[in-house]
Amino acid sequence: MNNTFDSILKRLKILQPLMNLTDDQVKLLTTHKKISQAELEVNGEKYPAWRIMHNDALGPGKGGIRFHPEVSEDEIKCLSFWMSLKNALVGLPFGGAKGGVRFNPKEKNKDELEQISRAYIDAFYKVLGETKDIPAPDVYTNEQVIAWMLDEYEKKVGYHEPGMITGKPVEIGGSPMRKEATAQGGFIIIEQAIKAFGGDKNNFSIAIQGFGNVGLNLAKMLYGAGFKIVSVSDSQAGIFNPKGLDINQVIAVKEDKGRVAEYPEAEKISNQELLGLEVDLLVLAALENQITEENVSRVKAKKIIEVANGPITSEADAVLKEKDILVIPDILANAGGVVASFFEWTQNRTGGICPPEHLKKKLEFMMKDSWNRVYTLFQENDENIDLRTVAWTVAIERILAAEKWRGHLK
C-alpha cells in the first residue's frame, strides 16, 4: 500500500509558499495530537486497532471507524488529517479524528462483529466522549455496529451519553437522515458544479467507482434526477452500458446476488477499466489511492468528484491538472456525512429534536454555502490554482486561526 501521508506532506509542501506558511505552522499541521493503538483479542484472534486524533483546535475530534483488512496507522493518520480539513471547511466546531480495525468483516458472523465492536470500545473508551472525540460509521461499519459501540461505552462509563457517537439507529438517538447524508451532500455539490461549469444532465454521462452505502445512494439520487449513469462498480467488478444503466435494477441485483456484475444488461468491466472511461463525470466513491501515477494517463473523464477520502494521489493530481481535468476535492464533496453527524450530536446534547425536512434544508444550505465559498475563491485566483488548493487553503486558515487564538502559534 502507498504511504498516503507522504502524499499529504507533498501537497502541503506545494501549498506552503502559496499560503506563506511558516515551518512551525506546517509542523503543527503534520503532527497528530494523539495516536492510540491497541490489539483487540477476540476468541483467540488478535486485531490491530487505532483511534487517532489529528487536531482539536476547533473542538472535539470527529471521524468514523472503519473495519477493513488493509487498515493501517498511516491510513488512519491520513483520514484524521482530512477530517480536520473537512470539518474546518464546512464550519463545524470539530477537530479531526479517525479509527479502524484491521480485519475482513465479510469473513465474520454477526456475533463476531459484535464482539470486535465492543472490544474496540473497551480499548479506547477513555479517549472517546461527546466533548472529547466522537466516532461515526465508515467503511464496513453501520448503525448496528454503532449501536453496539454506544451500548458498550455506556456500560463502561455507567451513564447514558448518546452524543459520544453518531450514525446511531433512530431508536437510540440517531438522525433519520444520517445514512444517506454523505451521498446527499455529494449530489448537491454535483448539481452546483454542473450549474457553474455548464452541462445538460440528460446528456451528462457518469461513471461511479464504489457501490457501498455512499456510491449506491448517490447513484440512486442521480438516476432519479435524470442523469445518465453508464457505469458502476463494487469491490469485485464493474458494469458498463453506454446507453445508461437502470440503477434501480442494478441495486436489486446487488442486494439479491451480492455483486453488480450479475446485472445482465451491461458489459462486465474491471475497476481499472471504469477509471479510464470517457465520461463527463467520474465519481470516486471507493477507497483512497485509486488514481495514481501508474494509471492516471488512462483517465479520460472531463471532471472528477471525490466522494471517497483521498482517492487521488498528489502525483496523479498534478497530471490531471496538466490534462485540464477538473477535480472536486473530497473535503468538500463528501462533507454531507459529518454535517448530518453534527446535527445528530447537537440534538443528543440539547435534547431538542428537529424534523427531518428542516435538517435536509440545513444540510443543503451548508453544502451550497461551502461550495460557493470555494468556487468564488477559485474564480478569483489564477488558472494555476485548482479547487483542492482553494479548499485546503480555506480549511487550513481556519485551523491556524484557532491555534493562534489558543496561543499555540505566534
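**Exercise 1.** Locate cysteine 354 and determine whether cysteine 354 is buried, partly exposed or exposed.

*Solution.* Step 1: cysteine 354 is placed in the loop between helix 12 and helix 13, where helices are DSSP runs of H or I of at least four residues, strands are runs of E of at least two, and both are numbered from the N terminus. The model is predicted: local features require pLDDT of at least 70 and side-chain atom pairs pLDDT 80 or more, while totals for chains, interfaces and linings use all residues. Residues are numbered from 1 along each chain as its sequence is written, and side-chain values use heavy atoms, with hydrogens and water left out.

Step 1: buried means under 20% relative accessible area, exposed over 50%, and partly exposed in between, with a 1.4 Å probe and protein chains only. Cysteine 354 has 29% relative accessibility and therefore counts as partly exposed.

Step 2: leaving aside residues up to four places away in sequence, cysteine 354 touches Gln347 and Leu359, contact meaning heavy atoms within 4.5 Å. Its C-alpha atom is separated by 8.8 Å from that of phenylalanine 343, 11 residues apart along the chain.

**Exercise 2.** Describe the packing of helix 6 against helix 13.

*Solution.* Step 1: the axes of helix 6 (residues 178-197) and helix 13 (residues 356-380) come within 10 Å and cross at roughly 40 degrees. Axes are lines fitted to C-alpha atoms, for helices over the stretch in contact, and angles run from 0 to 180 degrees between N-to-C directions.

Step 1: helix 6 is therefore oblique to helix 13, since angles under 35 degrees count as roughly parallel, over 145 as roughly antiparallel, 65 to 115 as roughly perpendicular and the rest as oblique. The crossing is right-handed, that is, the near helix is turned clockwise from the far one by less than a right angle.

Step 2: the contact involves residues including Ile188 and Ile189 of helix 6 and Met367 and Trp371 of helix 13. By class, the contact residues comprise 11 nonpolar, 4 polar and 2 charged; Ala, Val, Leu, Ile, Met, Phe, Trp, Tyr, Cys and Pro count as nonpolar, Asp, Glu, Lys and Arg as charged, and the others, Gly among them, as polar.

**Exercise 3.** Characterise the contact of helix 1 with helix 10 by geometry and residue class.

*Solution.* Step 1: the axes of helix 1 (residues 4-19) and helix 10 (residues 314-322) come within 8 Å and cross at roughly 50 degrees, which makes helix 1 oblique to helix 10.

Step 1: Ser7, Lys10 and Arg11 of helix 1 meet Ser314, Glu315 and Asp317 of helix 10. This contact has no nonpolar, 2 polar and 4 charged residues.
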